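Here's a quick walk through one model, going from charged pairs to helices, loops and a pocket. Keep the viewer open as you read.

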Amino acid sequence: MLAAGCGGSSAPSRADYGRDVDRICATTDERVRAIQRDTPSTTPELVSVADQLGRVVDDGVTRLEAVQRPDGDDGMKARRWLDELHRQVDQIVKPALADLKDAAGRNDTAAIRRAIGSLQRLDDGRVRQLARAAGARICAS
């Protein structure tokens, strides 16, 4: 009976989780903006931008996955958000970046425009909604 109620969970609260992932999202967003500041003017520069963006996205997702999630329903919300983020990165972002690199390598301006358009049309509303539900604010903006 003495041990009842002691120990508790070491899992973070929803608010703590939100703060932790928001720091990662803020850093990742800044890294992406820094890459995008300089408009590439040559094919090698465009390939480099695509490579850099891919690395930043991969690093951001890896870092988000490493954050300990809350227990219970809040943890399930965080898992749903991360699952949707992975889905969009794997099915939309990475293929578009690969298409961009391929098109740049072939100097195919129409294909370059299509790849960039795919990235610009990314509908991340569902990811933002799930991020908010998980307690993240910056990640949801």
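## Charged pairs

A salt bridge here means a side-chain nitrogen of Lys or Arg within 4 Å of a carboxyl oxygen of Asp or Glu. Keep in mind that this is a predicted model. By that cut-off, the side chains of Asp124 and Arg128 form a salt bridge, with N and O 2.4 Å apart. Asp124 is partly exposed, at 28% relative accessible area, and Arg128 counts as partly exposed at 28% too. As background, side chains of opposite charge can pair when their charged atoms come close. Searching the whole structure turns up 16 salt bridges.

Which residue forms a salt bridge with Asp102? That's Arg106, and the closest N and O atoms are 3.0 Å apart. Asp102 and Arg106 are four residues apart in helix H3, so about one helical turn separates them. In general, an α-helix has 3.6 residues a turn, so residues three or four places apart point the same way. Asp102 is partly exposed, with 43% relative accessibility, and Arg106 is partly exposed as well, with 48%.

## A salt-bridge network

Some of the charged residues join up: Glu65, Arg69, Arg79 and Asp83 are linked in a network of salt bridges. Within this group, the side chains of Arg69 and Glu65 meet at 4.0 Å, N to O. Arg69 is partly exposed, with a relative accessible area of 27%. For Glu65 the value is 24%, which also makes it partly exposed.

## Helix H4

Ala111, Ile112, Ala115 and Gly117 are buried in H4, and the elements covering the buried residues of H4 include H2 and H3.

Take Thr28, which sits in helix H1. Is Thr28 buried or exposed? Its relative accessible area is 13%, and buried means under 20%, so Thr28 is buried. Setting aside neighbours within four places in sequence, Thr28 is in contact with Val56 and Gly60.

Ile92 belongs to helix H3. This residue is partly exposed, with a relative accessible area of 29%. Not counting residues up to four places away in sequence, Ile92 touches Arg87 and Leu122. Arg79, a member of the salt-bridge network, is 13 residues from Ile92 along the chain, and the C-alpha atoms of Ile92 and Arg79 are separated by 19 Å.

## Two residues in loops

Asn107 lies in the loop between H3 and H4. Have a look at its backbone: phi of Asn107 is near 55 degrees, a positive value in a residue other than glycine. For context, most residues other than glycine have a negative phi. Asn107 counts as exposed, at 54% relative accessibility.

The loop between H1 and H2 holds Thr39. With a relative accessible area of 68%, Thr39 is exposed. How many residues apart in sequence are Thr39 and Asp73? They are 34 residues apart in sequence, and 43 Å apart in space, C-alpha to C-alpha.

## The largest pocket

Rolling a probe the size of a water molecule over the atoms shows where empty space is left. The largest pocket has a volume of about 1200 Å³. Its lining takes in 40 residues, and the closest to the centre are Val32, Gln36, Leu53, Val57 and Leu122. The elements that give two or more residues to this lining are helices H1 (14–37), H2 (43–66), H3 (72–106), H4 (109–120) and H5 (125–133).

What sort of residues line the largest pocket? The lining divides into 24 nonpolar, 11 polar and five charged residues.

Definitions and conventions: Residues numbered from 1 in each chain as written. Predicted model: local features only at pLDDT ≥ 70, side-chain atom pairs only at ≥ 80, totals over all residues. Heavy atoms only, no water. 1 Å grid on protein atoms, 1.4 Å probe; cavity = no way out; pocket = protein on both sides within 12 Å on 5 of 7 lines; lining within 4 Å. Points joined across faces, edges and corners; volume = space filled by probe spheres on them. Nonpolar A, V, L, I, M, F, W, Y, C, P; charged D, E, K, R; others polar. Buried < 20%, exposed > 50% of the residue type's maximum accessible area, 1.4 Å probe, protein only. Contact = heavy atoms within 4.5 Å.
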